[in-house]
Amino acid sequence: MADDSIAVVDLDRCQPDRCSYECANYCPPNRTGKECITQRGEDAEEGGPDQIRISEEICLGETCGICVEKCPFDAIEIINLPQELQDDPVHRYGENAFSLYGLPIPIEGQVTGILGPNGIGKSTAVNILSGELVPNLGRHEEEPGWDAVLDAYRGTELQDYIREVRDGEVSVARKPQYVDQIPKQFDGNTRELLEHTDERGALDGLVERLSISPVMDQGIDELSGGELQRVAIAACLARDADFYFLDEITPYLDIGQRVTVARIIRELAEEGDRSMLVVEHDLAILDLLCDNLHVAYGEPGAYGVITSPKSVRNGINEYLAGYLDNENMRIRPEAIGFEQHAPRTVSHADPLIEYPKMTKSYGDDAFSLEVESGTIREEEVLGIVGPNGIGKSTFAKLVAGKLAPDEGEFETDLEVAYKPQYIEIDQPMRVDVFLSSITDEFGSSHWNTEIAKPLQLSRIMEQNLDDLSGGERQRVAIAACLSKEADLFLLDEPSAHLDVEQRVLATRAIRRYAETQDATVMVIDHDIYMMDLLADRLLVFEGEPAHHGHASQPQGMREGMNEFLANLDVTFRRDERTSRPRINKPDSQLDRQQKKQGEYYYAP
């Protein structure tokens with residue numbers, strides 16, 4: 001195989017007990033007596049003895065690809081690396097395993113962002129920068145050590161940083177990606193967790209700004225996803241560290257909370273010589289937060305490349321365009337555009353539901369919700385926005401008939417398909433078995449085209465539900481919701497844990513499903529990009545979170561967004577090049593101008 005190609009075997013998918021080694025039997029080099037595809041044997045460091053290994057020295061490369069076609073479990077990838085990729089890997093996990101090329105560069109006093117798909121090596125890069133993983137420079141059998149790594153990076157911007165990592169002079173604070181795993185690792189209440197991490201004496205200020213006070217004495221296992229996210233961020237930022245790594249700060253947070261977190265991180269970076277590295281998929285927040293940006297690309301699970309730093313605007317725009325200018329590299333066959341998704345005119349379809357004015361209270365001194373009468377129309381996508389704890393899920397349950405209002409007679413015999421905000425999966429059922437139990441359409445060309453393909457389900461069909469990552473679970477949950485027979489499809493925060501491309505594909509799948517199936521869809525989400533691409537109209541919730549909420553009538557996108565963003569005191573503009581939404585810097589000239597005009601959702 002050429003030096004610019006790699007062979008990858010997914011050991012989780014390689015199932016020799018269920019095949020006849022078609023990959024080896026049909027391999028051209030094997031058929032001439034060479035040992036290109038062989039069994040790993042009893043001395044294998046990774047994988048089972050009956051699983052296969054591929055000799056990259058003998059393999060003919062992607063031009064052959066017979067083993068890829070013959071494997072019944074899609075366990076093999078033969079990949080031609082980009083010709084522009086001249087460097088050796090920073091790290092390779094083993095024979096026929098994932099390779100990472102390039103590292104992000106932490107800069108003192110700045111916030112550095114990483115933008116790229118899931119499974120591309122971002123966490124591997126952070127493990128190296130934190131000193132938890134010694135990179136092997138692609139020589140996985142040798143384990144060269146930190147001295148060799150320092151020699152490899154001598155004369156580069158990373159030289160001094162790697163020396164400090166080698167010498168143990170870098171202290172690290174990390175916020176994990178999946179905050180729902182925290183209760184499994186810590187048994188106690190919020191106060192105990194946060195006081196344990198308060199090394200800077202900053203806890204009181206973080207608790208106030210992140211609105212954590214009401215849950216300080218609650219058990220960690222009692223917190224909602226949004227509360228866990230804010231507690232995890234506070235626990236990370238309360239530490240006294242040289243290098244802070246925050247992996248996905250926005251899931252389960254509303255837009256106001258996201259902006260607050262971004263401002264806190266920026267302030268901490270600017271206070272002293274601290275390096276902040278943030279992996280994030282909310283482009284508006286990434287744009288607001290970061291000083292510079294690395295783009296990550298490649299083949300998820302096979303190899304990843306982290307570029308040199310770019311300006312934030314150019315990095316995001318190049319990523320959306322699918323072409324990296326400095327690298328002369330196309331990373332996606334088509335661009336992600338926003339021009340055709342300008343706020344749509346209000347639909348005039350027939351009513352699906354006409355609901356009366358309703359109230360719902362959870363008891364004295366508890367949360368209460370007031371809903372103005374309104375109409376949900378056939379064949380529309382209705383976006384639902386507002387802060388956390390303001391009654392959006394309560395309204396959804398009222399519409400779905402899961403809750404009865406205290407005032408306002410409302411009965412419906414509609415069939416509702418519901419994807420909840422928090423996805424609990426604890427059964428060892430395979431994905432294909434689970435989805436086939438929901439619909440007889442499973443596996444049909446129509447189902448594959450409309451649901452499986454855009455949600456990228458093919459490679460996880462034979463995995464167990466309880467083995468899936470957060471993003472994989474989210475995609476399966478969206479597919480399960482859309483696969484049901486229903487009059488109304490209700491999806492609560494479908495963007496959580498999805499990367500940018502997955503969010504766009506999921507958005508298109510939801511939108512296309514609404515259009516082709518004449519379906520009505522309600523989507524609750526905090527991602528402005530998703531709402532911008534998806535919704536026909538908006539239902540805006542306001543009030544005092546955890547105390548009382550109020551929902552006005554559904555309205556057009558511009559009117560609804562102006563009301564919603566005015567409540568948050570945040571203005572958006574469209575990027576001149578891509579038309580993507582961008583948050584204006586607070587108190588900037590454009591921010592003040594749009595507020596004066598009352599146009600919080602882009603100046604017309």
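Predicted model: local features only at pLDDT ≥ 70, side-chain atom pairs only at ≥ 80, totals over all residues.
Contact here means heavy atoms within 4.5 Å. Helices (H or I, at least four residues) and strands (E, at least two) are DSSP runs, numbered from the N terminus.

Residues are numbered from 1 along each chain as its sequence is written, and side-chain values use heavy atoms, with hydrogens and water left out.

I start with helix 13, residues 312–321. Seven of its 10 residues are buried, and buried means under 20% relative accessible area, with exposed over 50% and partly exposed in between (1.4 Å probe, protein chains only). The buried ones are Val-312, Gly-315, Ile-316, Asn-317, Glu-318, Tyr-319 and Leu-320. What covers the buried residues of helix 13? The cover includes strand 7 (111–115), helix 12 (283–289), strand 11 (292–299), strand 13 (323–324) and helix 18. After helix 13 comes Gly-322, with a positive phi near 80°.

Next, the overall layout. The chain is divided into domain 1 (5–80), domain 2 (84–171 + 245–307), domain 3 (179–240) and domain 4 (365–381 + 388–555); these bounds come from an automatic or database domain assignment. Between the C-alpha centres of domain 1 and domain 3 there are 47 Å.

Now the cores. A nonpolar core is a set of buried Ala, Val, Leu, Ile, Met, Phe, Trp, Tyr and Cys residues joined through side-chain atoms within 4.5 Å. The largest one has 119 residues, and Leu-237 and Leu-457 have the most contacts inside it. A second, separate core has 28 residues, among them Leu-103, Val-126, Trp-146 and Val-165. Back to Leu-237: leaving aside residues up to four places away in sequence, Leu-237 touches Arg-200, Leu-206, Tyr-244, Leu-246, Ile-264, Ile-265, Leu-268 and Met-276.

Leu-237 also takes part in a helix pair. Helix 10 (residues 225–237) and helix 11 (residues 255–271) have axes 12 Å apart, at an angle of about 5°. Axes are lines fitted to C-alpha atoms, for helices over the stretch in contact, and angles run from 0 to 180 degrees between N-to-C directions. Helix 10 and helix 11 are therefore roughly parallel; angles under 35 degrees count as roughly parallel, over 145 as roughly antiparallel, 65 to 115 as roughly perpendicular and the rest as oblique. Helix 10 contributes Arg-230, Ile-233 and Leu-237, and helix 11 contributes Gln-257, Val-261, Ile-264, Ile-265 and Leu-268.

The other pair is helix 17 (residues 470–482) and helix 18 (residues 500–516), whose axes come within 12 Å and cross at roughly 0°. That makes helix 17 roughly parallel to helix 18. On the helix 17 side are Arg-475, Ile-478 and Leu-482, meeting Gln-502, Ala-506, Ala-509, Ile-510 and Tyr-513 in helix 18.

Last, some loop residues. Most residues other than glycine have a negative phi. Tyr-21 has a positive phi near 55° and sits in the loop between strand 1 (5–9) and helix 1 (22–26). Is Tyr-21 buried or exposed? Tyr-21 is buried, at 19% relative accessible area. Asp-74 also has a positive phi, near 50°, in the loop between helix 3 (66–70) and strand 4 (76–80). Asp-74 is partly exposed, at 36%. Gly-47, in the loop between strand 2 (37–39) and strand 3 (52–54), is partly exposed at 41%.
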